Amino acid sequence: MIYSLKSNIRFIIILIILSGCAASNQNKQLSNDAKSAMATGDYQKALASYENIIALNKAANKETEGLVYNNAGIAAWGLQQTEKTIEYLETAKKLSASTSETFSTLANAYKKIDNLSKEISNLQEYVERYPQNKEINPIRVQLFDAYVRSENWEQGEQLWPLLDSASHNNVQFLTGYLRIKRKLEKVDERDNLAKQLLKLDKNNIEALETLAEKHYYIADETYVREMKAYEKNKTMKQYNKVTEAIKRVNQDYKTARDYFERLYKLNPNPRYANFLGNIYTRFENKEKANHYYKLAKKKN
């Protein structure tokens, strides 16, 4: 009886060992299949193999290596399966199995579902961890664009010098940098950037707005200031001074008018029409002023 019991125990142990060996061999085969599939770009087969490994380990109450989750996430992204991509790659991060591709892929996945904060955090982590990677510039460019989209003006300004020369001459990114300078009220840099942009793109809205508003507010502030000064001191000297100032004011108003008319043709925004109404009011052209004020009341 005792002998029979010992034999049964030995038999069960052998079965467990054989089962473990079989599972190990199956995992090894699945891992090899997955690697081969990834190498050839067969993401469907690769993902199926990695998911089988995860399922087998779960059934056997075994932990799955973080690298398996990481590779499964990369394969899922190759198939544009965004939810799986995020699930597997976030698991890989928790298991300390992330690579540079983990962070760049997660950033793109979060961008796809419009999760701007997590897109930024993954891009920032990439930049901090892998500053020497050959792919660092595209990541910095994407991070700069994300800063602009999220209105992180100071961070965008700090990152700009680290972008490559091609990005510095790219209309999209220059437009973003101009927006930063406008929001931070860096006036000289703002105006120079606007002029640079118009050489690359004559219909750039951001640049046209920058210069239109610049000339409008210079004219408006000068006009109000000089008229107040004249009202306080109606001498011939002050009259001559205000007359000279009005010449400069009119030139700035004309420049602003030209920019705003171009803007309105490109994009009939009521805001541009309101500026034009104000300018024609200064020119004492009631007909055109009323025309633009009516347009300003229209909804896009």
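Visitor: In what kind of crossing does H14 pass H15?

Guide: Two packed helices are described by the angle between their axes and the distance between the axes. H14 passes H15 in a left-handed crossing (the near helix is turned anticlockwise from the far one by less than a right angle; clockwise would be right-handed). This is a predicted model, in which local features need pLDDT of at least 70, side-chain atom pairs count only at pLDDT 80 or more, and totals for chains, interfaces and linings use all residues. Residues are numbered from 1 along each chain as its sequence is written, and side-chain values use heavy atoms, with hydrogens and water left out.

Visitor: At what angle do helix H14 and helix H15 pack, and how far apart are their axes?

Guide: Helix H14 (residues 270–282) packs against helix H15 (residues 286–296) at about 160°, and the axes lie 7 Å apart. H14 and H15 are therefore roughly antiparallel (angles over 145 degrees). H14 contributes Pro-270, Ala-273, Asn-274, Leu-276, Gly-277, Asn-278, Tyr-280 and Thr-281 to the contact, and H15 contributes Lys-288, Ala-289, Tyr-292, Tyr-293, Leu-295 and Ala-296 (contact: heavy atoms within 4.5 Å). Of the residues in this contact, nine are nonpolar, four polar and one charged.

Visitor: How close do the axes of helix H5 and helix H6 come?

Guide: The axes of H5 (residues 100–112) and H6 (residues 116–129) come within 8 Å and cross at roughly 160°. That makes H5 roughly antiparallel to H6. Their crossing is left-handed. The contact of H5 with H6 divides into six nonpolar, three polar and five charged residues. Among those in H6 are Glu-125 and Arg-129.

Visitor: Which side chain meets Arg-129 in a salt bridge?

Guide: Side chains of opposite charge can pair when their charged atoms come close. Arg-129 pairs with Glu-125 at 3.2 Å, N to O (salt bridge: a side-chain nitrogen of Lys or Arg within 4 Å of a carboxyl oxygen of Asp or Glu). Both residues lie in helix H6, four residues apart, about one turn of the helix. Arg-129 is partly exposed at 46% relative accessibility, and Glu-125 is partly exposed at 24% (buried is under 20% relative accessible area, exposed over 50%, partly exposed in between, with a 1.4 Å probe and protein chains only).

Visitor: Lys-181 forms a salt bridge with which residue?

Guide: Lys-181 bridges to Glu-189, the closest N and O atoms being 2.9 Å apart. Lys-181 is buried, with a relative accessible area of 1%, whereas Glu-189 is partly exposed at 39%.

Visitor: How many salt bridges does the structure hold?

Guide: The structure holds 17. Arg-179, Arg-182, Glu-206, Glu-209, Glu-213 and Arg-271 are linked in a network of salt bridges.

Notes. Axes are lines fitted to C-alpha atoms, for helices over the stretch in contact, and angles run from 0 to 180 degrees between N-to-C directions. Helices (H or I, at least four residues) and strands (E, at least two) are DSSP runs, numbered from the N terminus. Angles under 35 degrees count as roughly parallel, over 145 as roughly antiparallel, 65 to 115 as roughly perpendicular and the rest as oblique. Ala, Val, Leu, Ile, Met, Phe, Trp, Tyr, Cys and Pro count as nonpolar, Asp, Glu, Lys and Arg as charged, and the others, Gly among them, as polar.
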